[in-house]
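Please keep the sequence and the structure in view while reading.

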Amino acid sequence: MSITSLSGNGTQPLFAAAQAASAGTGCPCLTVTANGRERIAALAANSASVHATIREAVASAHGIDWSGRAADHYRDRLATVRNSLDAHDGEARSTAQVAQVSRIPWTQGDT
């Protein structure tokens, strides 16, 4: 099983690295979860970066000198995009925080 990047430009093996890293130790769970946390944090950071670029474009588009019903509708749609970005940013931040909190240390064999 592998994970495809959001850009679709590559895949990352989900279990192969874990199996190699934990060869002979039994369960690869610790490595898999550590890799997952790192991947979540990287995706959240990448998402924030992409959204910053989108916000700049939306702000620029909002400043267009234009009036009328079509302009009002256009600006309403831009507000919808901003609200969607805000919601996604909040979810990405929360998910990254949960991933970091999940760094509870335990040793193999603990239940």
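How many aromatic pairs does a search of the whole structure find? The search finds one, where rings of Phe, Tyr and Trp (its six-membered ring) pair if their centres lie within 6.5 Å. The model is predicted, so local features need pLDDT of at least 70 and side-chain atom pairs count only at pLDDT 80 or more, while totals for chains, interfaces and linings use all residues. Residues are numbered from 1 along each chain as its sequence is written, and side-chain values use heavy atoms, with hydrogens and water left out.

The pair is formed by Trp 66 and Tyr 74, whose centres are 5.3 Å apart, with 50 degrees between the planes. This arrangement is tilted; planes under 30 degrees apart count as stacked, over 60 as edge-to-face and the rest as tilted. Trp 66 has a relative accessible area of 38% and is partly exposed. Tyr 74, at 28%, is also partly exposed. In these terms, buried means under 20% relative accessible area, exposed over 50%, and partly exposed in between (1.4 Å probe, protein chains only).

The wider chain can now be described. The protein chain contains three helices and two strands, and their order along the sequence is β-β-α-α-α. Helices (H or I, at least four residues) and strands (E, at least two) are DSSP runs, numbered from the N terminus. Of the 111 residues in the protein chain, 18% are buried. Among contacts with a separation of 6 or more, 47% join residues 24 or more positions apart; contact means heavy atoms within 4.5 Å.

Two of the helices deserve attention together. Helix α2 spans residues 29–62 and helix α3 residues 69–101; their axes come within 9 Å and cross at roughly 160 degrees. Because of this angle, α2 is roughly antiparallel to α3. Axes are lines fitted to C-alpha atoms, for helices over the stretch in contact, and angles run from 0 to 180 degrees between N-to-C directions. Angles under 35 degrees count as roughly parallel, over 145 as roughly antiparallel, 65 to 115 as roughly perpendicular and the rest as oblique. The residues of the contact between α2 and α3 comprise 13 nonpolar, six polar and six charged.

His 62 lies in helix α2 and is partly exposed, at 34% relative accessibility. Beyond residues up to four places away in sequence, His 62 touches Arg 75, Leu 78 and Arg 82. The C-alpha atoms of His 62 and Tyr 74 are separated by 8.4 Å.

Ala 99 belongs to helix α3 and is buried, with a relative accessible area of 6%. Apart from neighbours within four places in sequence, Ala 99 is in contact with Arg 37 and Ile 40. Its C-alpha atom is 9.1 Å from that of Thr 33, although 66 residues separate Ala 99 and Thr 33 along the chain.

Terms used. Ala, Val, Leu, Ile, Met, Phe, Trp, Tyr, Cys and Pro count as nonpolar, Asp, Glu, Lys and Arg as charged, and the others, Gly among them, as polar.
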